[in-house]
Each structure stands twice: as C-alpha cells, then as structure tokens.
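This briefing covers selected helices, strands and contacts. The sequence and structure come first.

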Amino acid sequence: MSASEDIRGGVHKSAQHDSAFKHVVGGAVFIDDMPNLPETQEVALLLSPHAHAKILNIDTSKAEACSGVAAVITANCIPGLNDIAPVFSDEPVLAEDLVEYAGQPVAAIAADNYDNAFAAIEKIKVIYEELPSVLSIQDAWDKGQFTYEPPKIVSGDAEKAIKDSDLVVKGEIACGGQDHFYLESQIALAIPGEGSDMLVYSSTQHPTEVQHGVSRVLGINQNDVTVEVRRMGGAFGGKESQSTIVGAIAAILADKCCKPVKLRLRRDDDMIATGKRHDFLFKYQVGFNPIGKIEGAIIDMAARSGNVADLSAGVIGRALCHGDNAYFIPHTLFRGWPCKTNTVSNTAFRGFGSPQGMLAIETIIEHVAFELKMPVEKIRSVNWYGTSDRNVTPYGQTVSDNIMPEIVDRLALEVDLPRRRKAIDKYNASHETLKKGIAMMPVKFGISFNAPALNQAGALVHVYTDGSVHLNHGGTEMGQGLYTKVAQVVSSVFQIDIDNVKISSTRTDKVPNTAPTAASAGSDLNGMAAYNAAEEIKGRMAQVAADHFGVDSDGIEFRKNRVYAGNENLSFSEVAELTWSSRVSLSATGYYQTPDIHWDTKTMTGSPFYYYTYGASVSEVVIDTLTGESRVLSTDILQDVGSSLNPAIDLGQIEGAFVQGMGWLTSEELVWDERGRLLTHGPSTYKIPGSRDVPPKFKVHILDDMPNKVPTIYRSKAVGEPPLMLAISVWLALRDAVARVGDYRFRPELNAPATPEAILLALEKIQVEMGSHTLNK
Amino acid sequence: MVRLVLNGKLHDTGDASPSMTLLEYVRENPNLTGTKEGCAEGDCGACTVVRVVNNKFEAVNSCLLQLGQVGSSEIISVEGVKNFNGGELSAIQNCLAEGGGTQCGFCTPGFVMALFALGQSPEEKDDPVIHDALAGNLCRCTGYRPIVDAARIGCIKNISYEQRPIESPPEKYQNDNQTFYIPKSLKKLVNLKGLIKGAMLLSGGTDLGLSISKERVVPENVIYTGHVSELREISETKNELILGAAVTYTEALDYIKKLYPSFEELIRRIGSRQIRNLGTLGGNVGNASPIGDSLPCLISLDASLTLASSEGEREVPIESFFVGYRETCLKEDEVIKNIKIPKLLNNQIFRTYKVSKRYDQDISSVIGAYLLTIENSRISSARVAYGGLAPKPSRATKTESGLEGNRIDEDLFIEASKQIPIDFQPISDHRASAKYRTKVATNLLIRLYRDLFGSENELEVVKVQ
C-alpha cells in the first residue's frame, strides 16, 4: 500500500472533517433539522416514577381522547416481540407488568405536536404496587442479584501466590458512572411506507441493531426495515444499544397511526431513561515481593449493571481484560459481578469497562508503592509486560507489540518528573491553603471487539463516468471523523482528490449486517472494507486502461488524478468513462474481517485483540485544602496511533477523550435519591467540563515513526477510546496532592469522581489521622 | 404578532404564541435549524443567538427567551452571521472549521454565536475573557482546545454595522387566550400588577423561562418588565448605588466592579454571558432562592429594596424581604422597583466566595459574603451572610459576634468559624452534603482571614498560574 503525496486529502494528511464548513454555518442536517413530512407526529413518553413496582393497571382512555392524539401505546400494543435485548433476552421496550427502574418507559403517545403529546401523557393512569428496591452495587452483590452469570478470568493460582508472597495489601476503591451528555439527545424518525415497509432515521452508532429491534417489535422481516443515519451530534457509546428503544417506540407508533413519527428525547428524559457508564466497586488483595514485583492479584469488580444486562457482559469483560493494564501478573483471579439494581441499565461508554479496570490496577500499583515507600514509577517498571517472557496476559494473549516502557521513559524525560516533583515540594512547603500534586498514567489498550463476530465490515463504492466517487460503508459518523478517514483511504487508493469522493449516509440497505461503530475500531474495519472495494474497482479500471494503452496492467499507475502508462495518460474521469463504455462494472462491495483473533466466552480466554495501543500522560493539579476545589494545571500526553490516517483528527480524538475522562473523574457526579430517582438529569445539575477546566498547559504529542506492527489500514492504529484513560493521571495526581498533605504517611481515601466534597473529605480523614498520630506520640 | 429584525430582515411571527420560545419559533417557522436545542434550560449554549441592543452584540439563550421578550429587537442566528462579512464566512467560522474546532458539530452554531458576539465587542480577547465568553457553551467532543485557539485569532470585529431601526414594541401582544403585556412605565406596570391576578411577572426569564421550555406552561398573562424605564435605570448617589430591578447582570457589572470588585467576580460566575445578558438582579431577588448567588452579597452589603404598588412605594432592608423558602414579603400587587446598595466606607472591606462543583456556570454548594468594618485594628462590625445553608439566604449572627473581637488574627477567625454549625443546619442534596456545606462555610472564614490579613499570594485554585 502506498500513501499519497500529490493529491488533496489522501491518507496521513490532516484533512478537515468533511462537515466542518457545514457545522459552522448551521448547515449540517441532524435528524431534528430535516423538514417535517406532512402529518409528522411527535412523541412524549410516560416514565415510571418508581424504581421497582408491579403494574396493576394502565388506563389510557382519557389520553386517547385528548386533542391531537394519534396513537397511544403500552406493552400490549406491540405487534411483535416486546424485547430489544442486544445480547441476551427479555429486555422490554415498554414495561409490561413490572417496572424495574425509575424512568423506565411505560407508555408513549404520538400527537400532532409535542405539546399535545406532553399534555396527554398526564392523562394516562397507571396503578402501581411498589416493591422493595435494590439501589446500590453492594446491596445487589450481598443479595447475589446479577443480570447474567458472573464471569471471571483465572490464570495460575492467585490465592496461593498471594499467600506465598512476602508482602500483601488489601483494599477497596470505587468509581462513579458517567452520563454521555452527547449534545444531540436521542432521536428517531419512523416513516411507514407501502405494505410493511418502515424507514427509520435514527441517531445511532448501530443502524443494524435498530433495524433488528424494529423488525422484532413489529414482527416483520429485517428486509422490511431500513435504517439511515448521516451524522450524530455525539454518541460516545450512548447510541450503541440505547438508540434501539427510541427507534422501536417511534416505529411502533408510526405503524399504529400510519403516519411519520418523530421521537426526540428531551434532555431530562434522555438522562433519566437511558443507560450510562457503569459505576464499579472494587475489592482487591495483592501479593508482591520487596522490590514491588506483583506475584498474584485477586480483584473483584462489581459493576452496576442496572435493571437488565444490555451490554454489561461486554463492558465487564473488557474491565476484566484491562485489570492488568500494562503489567504482567503471573497469578490472577479477576472476578466480575454484574449487579442487578433497580436503576437504569448501564451501557457502553467510550472505554467500555477498560477505564474502570485500569483505575483499579493503578490504585493497586499506588498502594504497593505506598507500602514499600517507593516511587510509583519504580513499581511500574518492575511489572511491565516483557517482550520475550512475562508477556502473556491473564486471558492468555501474548503481548507482542509492547512499547509501553519506551513511551513512559520518553514522556518522563520530556516532562522532567524529578524536577517537577521538587518544584511541587517547594510550592507546597510555602503554601498553606493550596497544595499541588502530580502523577503519570500509562495505558495499554486492546483493539478489537471482544466478541469476534463483530470484527467485520462492509463497504460499497461506485465510480461514476465523470470520475466522481460515491462512498458508503457500515460505519457511522458521530463527530469522530470516520467518514473523512475512510474517504481519505478511497482517495488514496484511486489517487484522486478527496473532493471527488462523496461520503453518503450509513444505510442498512446499502451495507447490511454491520457491527456497531464502537470499540475504537471504526476506521480499522470500515477503512479496510472501503480499501478492498476501491482496490477491486481500481483493478478493473487498470485493466481497461492497459487495454487502451496496449500495455500490461502492471504498467498502469494511478497518480495525481490521472492514470499513467509510461508517457501516456488519461484523466481518472476519462478512464472511468472508458471503463463504462467497455461494459466493465464501476461498482464494488468490499469486505473485511479482522484476522488472527479468537475468544472463548466460557473460559474467558483467547486472543481477542488484534493489537494494542499505548500511551502515557502526566498531569499536575492543585487542590484547595479549605474547600476541596481542584484544578488541572498541566497535562502532557504521548500517544501511539501507529501511522496516523489523519493527525488532525487523531489529535482531536486524544484531546476530546482526555477531557471527557477528566470530567468522569472530577466534576461529573450522578446522584440518585433514596427512592432511586436520578437527581442530576440536566446540565444545570450534571457538570461536564467547560473550556476553563481544560489544562491551561496541554501538550499532546503523537508518537511518530511507529507504524502498526500488524497490517491495519495504512498501518494506522485506533484512537477513539484509549486516550480517555490517560485522564486517570488527573485522578492519581489529585490523590497525590491529598497524600502530600499527610507527608505520604497515610493513603488517601479518595474515590472517583474526585469532586470538591470528596477531596475535602479525604483531606479531613488525613488530618484526623495526623492528629491522632501526633497524640499517640 | 411579534415584529422583530431577524438576520437583517423585518420579520413578523404571525399567529405564534407570544410565550413560545425563540428557539422553537426559529426552528419551526423560518426553518432556521442551525440553532439547536441541547438542554432547554440555558446551560449548554447550543441554542445561542445574538441579540443586538444599542449596537452591542449580546449572546443569549434562545431556549429561554419568549417571543414577546424579543419584540422590536434584532436577532442574529448562525445563518445570519455571513451578512456581516459581505456574504462570506466570518473569521471565527473559518478558524473553527479549519482548526479542528468542530467534531460532531451539534454545539458548533452556539459556539459560533458566542464567539461572534465576543468578536464584535471591544474587549481585549485574552484567555480569561475567552473562557468568560465560552462559559455558557458546552462541547462534549473536542476538549475545547481548538475552540479556544480559534477564539484567540478569529474573534475579529466584522464590518461596521448600524442597527436597523424598528418601532418600539406595542403595549401588548395578544393571541388566542394569551396576553403578553409590555408596560413602559412603573405606573403602568403597577397598575397591571394590581389588575391582573396571577400574571407571570417576567424579567429576564432565565428562571421562569424553564417553565415554558420544559414544563410546557402556556401562561394566560405575562407582564414583562424589560421595557419599564424606571426599572431599567442605574444611578449613583453619594452613598448608594441604585440598580433598577430590570437591569441585567451585564449592565450592572461595570458599576459593581468599581464599587465592590469581589461582588463583580462573583457575578461573572452567575450563569454565563448568555444568562447574564438576560438575567436581572431584580429577578434573582424576586425569585428568593436559597442558592441565588447575589442574595448573600446584597444581605451582607445591607442593601435595601424599593417595592412599588399602585398605592405607593416602600423601602425594606433586603434581609427582611426574605421570609422563608422561596417566600418574600412582596405583596400580590407589588413589584420590586430597585435595589439600593450602600457604598463601602473607607474602613470597610467586602469579600464574597462561591464554592461549586465546576468553576463556571454552576449553582453554588455554598456562598459566603462578608462585610467587615475595621476600627482601631479590630473588627468593629461584621455582616456575614451565606447562601446554600438554610431555606433562605441568611446572616450568620453568632459568627458575626465572634468576629467582633479585640484583635485580628487567624485564631479569631477560627474561633468565630466554630459558630457556623450553630448559625446553620443545612440539608444534603445532589450538590453537596450537609456536612460538606457546614465544613466549607466554616473554612471560608479561614480563607477570608488569609485573603485579607495573611501572607499567601495564591488562595484560589482558579488563580494559580
């Protein structure tokens, strides 16, 4: 594969996001911006006020009589199956006789406008019988309530290894959940066609799953349903499985009233009714030797799965697979506990369990360092995965591309950690109110869906006779620039300017049976599928050109928008025209399956990842010991992206993911009341980072000269999720600042998110310890 | 029918409800779908448009504005920005597009408008000002760095511009069963207030607007104070600053900055520019929320209110205006005319501190306000007020007594701060626990001491370089 030097927008260039100029004039069309078809109905939902209750009766008669109402639906009105489970089964669209979380959809109304639907919702009378609810991870864990069979990863004999170790530490740590807070809330527009046809515009990362969900709830074939998405206003995992319910409700209503139906979740309903990042509670015990080498680790990872399993098996599986981060642990027992609670089912969110698993192991590394009174970096360096030995993960995959130590060393040198630490010592000694802290975070992240079946993709490419190219593939655009990257690939294959490649909406009737755009794998999979499609057409065009010039097809070269045979050449469009007139197809599908991966879900072993990406960050923070307020002062990042398909887009992914991760670990706090009702359901109460929260010194370096060792698309690497975990450096730095207040004599008790309150509480504990320590002297 | 100038053209809203939000209107009727709904509560900024007032370009949240409020004003949406650059994209649009300032693009129109407004203002565009201008816009994709970079170079004033003249609004807008009154004088305002029971008294609408945008209330009668000349006045006497109740935070800022710099810093943390361009101090006071940011300051500064009705006017100390949780002594037929804030004496110091989860655009967990009078190297009088600790913003009377000692040192403040748990028994909610609130309220007195009398040069994380 050759890159592109002489065309606009080939691979490895910082081509702009294809919609950037539409975005800035308000001309990029999102689903809610599409002109309404005549008689389009809008929807309001009735959500359960109770966390756990039997539904004894639902009376919709008064609502049906309301002005403008076209259709009212409850579980009984669903023509097909009331089940949209993405992995398991029994996950209802509308609650039938039981509600299992406050906010669960019970009924929906379509009316001629939103206000009429909204007014009619109040007229539905539901009689509930409240049941006792389980609202915390610990409570569900104690009761043994799980959404599926708890999984575990076992290697060696961790219990014995810990028993035989010189030193052992035990502890607990917890991290909160996170709302996706995509700026465009969930939306679907369902348009009934002739017969049983249903066209659904859905803001989704997974059009195929919406298609399957709609066909299942309507009891029609998959070929009756077409799902289309041009772009999403952000997704971050929140529109992987969670968009299905929205599409399904819109389609059921559209089917019932035979009119176009638009369901746009208002912000509060979106946050209350749809899933979030899993919060986790970890309990661990670890055995190690006097230089900090870990001999064995048992980590229990209890996650809030919520009312149903949804994607929890994947999320917890990934947490278990990243509980090692970059460290070789000879004996492991990692147990996952998918706790069934009466709260909304948690779901995919950028990182998909890995951030949580890494947060646990990094807490452990810090704990070991504390116990040995050694720097964290020393503990890390004796535990890195090796290159020839000590290189097998707890789940049995050999780490064959490890560059973690080099990355960490380069970054440490770059930021001069020892000097920075000394400067902080000095600052803290001269400041009573404010205290600084600093920490590094290494990240090794496995690329590929854990479930091998999802690692496939398709593309459809047409070349028209004027030389313009139509590109379609199974990946979706949520802002991450996937459409641009795949267009760069096609532009490079044909050696034509990217302006000649038209990117078209993702549609289930163009490229079928797709995987979700997730797991950071969008460009790896779809880029390669599009590459294969374009290569196929290019081969045919080359043959036509060869015949025309009377040379061998090996002598044909595509270059600078032209096709060359020695000194002779034709423009790309002339060759396209020639190919058509020679009656050779200018259209091809492309297909790709990731090679060399396998995974056994029963034993939780295999080689699920095609490769790993590596990165590291250093963050410096300051905390206020009087109020617990904190701020990130600087962050340095070094991230491996292989040979970047688009350095500008990759930089955007790294920065954006980092800031999102920072929000998860600092200001973003989900709070429920004692009855299980979410209290933080809008931006006025749920605080994602703002522009001032971004580190004022924020240096991101992309590791250059480091092509992927495996043959991915132009040797690039995935980038969507890995940098999110770099934000753990912020949380570790906050812990460092707290620990410094007690001169590192006491371990900080600080969970995530480290809100001002959590930090002040942790400081208070240290101060109490110091007080009693002094008294004991 | 509401008449306004929309993207440079005279526009009539036809039979749209005068209480319909500007956002819903522009998206549906003229199909200006560039302006987005992200939250419908004025917190995400995706709905930002620019309102031109006296040739000043102000970013506002269109999700909170009722059509009646924008009658006779000039509104620019993202689709209209190019009009200011001869039909070409403005610099900020180019910089955002070329510099990676957009990813999903849903928040982008709001950022364009916030930065377009900043570009048209004469301020120096340094980083604190840029963050100030962006505090009302959330982006979940980019991590903001490229947006801030774009702002540094792209906030350039576009072609000179004369506001298109438009006749002043009529006395009322009427539609089906709704009347939106626009009194121009205090006399008319109090007459209406006396006559129309239960009318929504609307000032900036940054709080009441949520009842429209989220609870879908269709008010029968609205009385809008934004054109009442007496309520729009700012004046100064030798001893007082007098702010009309319908003066916006933005309009009050310069005056407050001059007289009470700490209060100005606080106001810059109330909402965002979009909110402060609409919200009024009178509205904040009338709302009487226990977490209204300006209220503890006004109590500490010993402000008073002029209340007016058709019977006449009366003056009440603001402290006694609040009688309980969201309850005031305002009578059914009364309105707040103005707020009088005494000027500081030479021996008085005023400070206020706000603590919240996020620095910008957040509602406080705790807010403390302190007015100290120093005589003979001692505090002769302290007026200390807190928000977020009680059902209403209240004074900490025992703490005040504790500060009035015979010396000034950290021990005095520590001792006095021990009275906080006696003065207040706060509640726990999603913003903070009771324990945290008490602890922070206590510790803020130590910050106060260190700030006024200590030797540390950095006391707040936001100020660390």
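**Strand β11 of chain A**

Strand β11 (residues 225–229) of chain A is mostly covered, as five of its five residues are buried. Here a residue is buried if 20 or more other C-beta atoms, placed from the backbone, lie within 10 Å of its own, exposed if 12 or fewer do, and partly exposed in between. The model is a predicted one, in which local features need pLDDT of at least 70 and side-chain atom pairs count only at pLDDT 80 or more, while totals for chains, interfaces and linings use all residues. Residues are numbered from 1 along each chain as its sequence is written, and chains are lettered from A and ligands numbered from 1 in the order in which they are written. Helices (H or I, at least four residues) and strands (E, at least two) are DSSP runs, numbered from the N terminus.

- From β11(A), A:Val225, A:Val227 and A:Val229 point one way and A:Thr226 and A:Glu228 the other way, and all are buried.
- The pairing of β11(A) with strand β10 (residues 198–202) of chain A is parallel and runs over four bridges; two strands pair if DSSP finds at least two bridges between them.
- Opposite A:Val225 in β11(A) stands A:Met198.

**A buried glycine in chain A**

- A:Gly314 lies in helix α9 (residues 312–321) of chain A.
- A:Gly314 counts as buried because it has 25 C-beta neighbours inside 10 Å.
- Leaving out residues up to four places away in sequence, A:Gly314 touches A:Phe352, A:Asn450 and A:Ala451, where contact requires C-beta atoms, placed from the backbone, within 7 Å.
- A:Gly314 and A:Ile407 are 93 residues apart along the chain, and their C-alpha atoms are separated by 29 Å.

**Two sheets of chain B**

- One open sheet of five strands in chain B has mixed pairing and the order β2-β1-β5-β3-β4.
- Its edges are β2 (9–12) and β4 (56–61) of chain B, each with a single partner strand, so one side of each is left without a neighbour in the sheet.
- From one strand to the next, the twist averages 35°; axes are lines fitted to C-alpha atoms, for helices over the stretch in contact, and angles run from 0 to 180 degrees between N-to-C directions.
- Helix α4(B) packs on this sheet and touches β3 (48–53) and β4 of chain B, its direction making about 25° with that of β3(B).
- Strand β1 (residues 3–6) of chain B runs antiparallel to β2(B) and is joined to it by four bridges.
- B:Leu6 has B:Lys9 in β2(B) as its bridge partner.
- Another open sheet of five strands in chain B has antiparallel pairing and the order β10-β11-β16-β12-β13.
- The edges here are β10 (234–236) and β13 (312–317) of chain B, each with a single partner strand, so one side of each is left without a neighbour in the sheet.
- With direction ignored, neighbouring strands of this sheet are turned by 20° against each other on average.
- Five bridges link strand β11 (residues 240–244) and strand β16 (residues 335–342) of chain B in the antiparallel sense, and B:Leu243 stands opposite B:Ile339 in β16(B).

**Helix pairs of chain B**

- Helix α16 (residues 410–417) and helix α18 (residues 434–453) of chain B have axes that come within 8 Å and cross at roughly 160°.
- α16(B) and α18(B) are therefore roughly antiparallel to each other (angles under 35 degrees count as roughly parallel, over 145 as roughly antiparallel, 65 to 115 as roughly perpendicular and the rest as oblique).
- The crossing of α16(B) past α18(B) is right-handed, meaning that the near helix is turned clockwise from the far one by less than a right angle, with anticlockwise being left-handed.
- B:Glu410, B:Phe413, B:Ile414, B:Ala416 and B:Ser417 of α16(B) meet B:Thr442, B:Leu445, B:Ile446, B:Leu448 and B:Tyr449 of α18(B).
- The residues of this contact comprise seven nonpolar, two polar and one charged (Ala, Val, Leu, Ile, Met, Phe, Trp, Tyr, Cys and Pro count as nonpolar, Asp, Glu, Lys and Arg as charged, and the others, Gly among them, as polar).
- The axes of α3(B) and α6(B) come within 9 Å and cross at roughly 145°, and their crossing is right-handed.

**Contact between the chains**

- The contact takes 66 residues from chain B and 69 residues from chain A.
- On the side of chain B that touches chain A, α18(B) gives the most, with seven residues.
- By class, that side of chain B has 32 nonpolar, 17 polar and 17 charged residues.

Definitions and conventions. Two residues are in contact if their C-beta atoms, placed from the backbone, lie within 7 Å.
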